[in-house]
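Work through these exercises with the sequence and the 3D view open. Try each task before reading its solution.

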Amino acid sequence: MNDQQTIALVTGANRGIGKAFVEALMGQGVTKIYATARTLSSLPDFGSDRVVPLALDVHNPASIKAAAEQAKDINLLINNAGVLSFGDILSVSDDDLRRNFDVNFYGVLSMAREFVPVLENSGGGRIVNILTLLSLASMPGLAAYNASKAAAWSLNMSLRATLANRGINVHGVFPGAVDTDMLAGVEMPKTAPEAVAKAVLDGLAEGKEDIFPDPMSQDVYAAWSQDHKAVEKQFSQM
Ligand SMILES: NC(=O)c1ccc[n+]([C@@H]2O[C@H](COP(=O)([O-])OP(=O)(O)OC[C@H]3O[C@@H](n4cnc5c(N)ncnc54)[C@H](OP(=O)(O)O)[C@@H]3O)[C@@H](O)[C@H]2O)c1
């Protein structure tokens, strides 16, 4: 699938990494990009008629269905939308736990269920799920987020296996800290969202199933591959 044949849909495209994905796809000459957001008015003007704004709340089945009826021609789905709550596993509220699972796990699952037939109709394609390094190892102060993203990693692997013979490739992305609203106020080295989006598209072009798109994710993945218990212990101190 070359860039001219790619028709993409990005969730959570109004800001952060999602917005950077739309810009990176435009830069690669992709034919059409559905830039989706919960609130249409929150989408920036991308300045190109190749970008089609579309309302989409990944926690709303009717909204997902309506989007799938509009975006019938996609062959690249980027499940980027996500939320993060702070709090340890004993004190985080049930509402926060549900909110993280609703968007980070069920949102990805609902999108896959609705869009697999669309991708098959397009003759096959790719699903890209934006996970996190915290899918692999937990930081205690982000317990709801860790759990929802670990579940999403498992979902990513199940989807990959289920779709293996149906012409749809499933890619997992495991960023480290990225400089967006999600981690605003958390002081630590962060990668620019534009660099993450570019690294993901490069990884897709190379056919990588699992993509570690920034220096932190690459370093931690190397350490985790050697000794996952050491990374668990390191993260437990954070
Ligand atoms: N920032 C990081 O350090 C980091 C690291 C690893 C992975 N990630 C992952 O990268 C992805 C993008 O995060 P980000 O850093 O760009 O965060 P962000 O700036 O907070 O943006 C989150 C995006 O998700 C959207 N969203 C939330 N709930 C939604 C829903 N129900 N339906 C549709 N869209 C929804 C938001 O839309 P609204 O504006 O309407 O809220 C926003 O566009 C997430 O999956 C996140 O977990 C981020």
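**Exercise 1.** Find out how H2 and H3 are oriented to each other.

Before starting, note that the model is predicted: local features need pLDDT of at least 70, side-chain atom pairs count only at pLDDT 80 or more, and totals for chains, interfaces and linings use all residues. Residues are numbered from 1 along each chain as its sequence is written, and side-chain values use heavy atoms, without hydrogens or water.

*Solution.* 
- Step 1. Locate helix H2 at residues 61-70 and helix H3 at residues 94-121. Helices (H or I, at least four residues) and strands (E, at least two) are DSSP runs, numbered from the N terminus.
- Step 2. Take the axes: they are 10 Å apart, at an angle of about 20°. Axes are lines fitted to C-alpha atoms, for helices over the stretch in contact, and angles run from 0 to 180 degrees between N-to-C directions.
- Step 3. Classify. H2 and H3 are therefore roughly parallel. Angles under 35 degrees count as roughly parallel, over 145 as roughly antiparallel, 65 to 115 as roughly perpendicular and the rest as oblique.
- Step 4. Check the residues. Ile64, Lys65, Ala67 and Ala68 in H2 meet Ser110, Met111, Glu114, Phe115 and Val118 in H3. Contact means heavy atoms within 4.5 Å.

**Exercise 2.** Classify the pair H6 and H7 by its angle.

*Solution.* 
- Step 1. Helix H6 (residues 215-226) and helix H7 (residues 228-236) have axes that come within 5 Å and cross at roughly 125°.
- Step 2. That angle makes H6 oblique to H7.
- Step 3. From H6, Val220, Ala223, Trp224 and Gln226 meet His228, Val231 and Phe235 of H7.

**Exercise 3.** Which side chain of opposite charge is nearest to Lys149?

*Solution.* 
- Step 1. Lys149 lies in helix H4 (residues 143-163).
- Step 2. The nearest such side chain is Asp214, 13 Å away. Lys and Arg count as positive and Asp and Glu as negative; His and the chain ends are not counted.
- Step 3. Lys149 is buried yet has no salt bridge.

Notes: Buried < 20%, exposed > 50% of the residue type's maximum accessible area, 1.4 Å probe, protein only. Salt bridge = Lys/Arg side-chain N within 4 Å of Asp/Glu carboxyl O.
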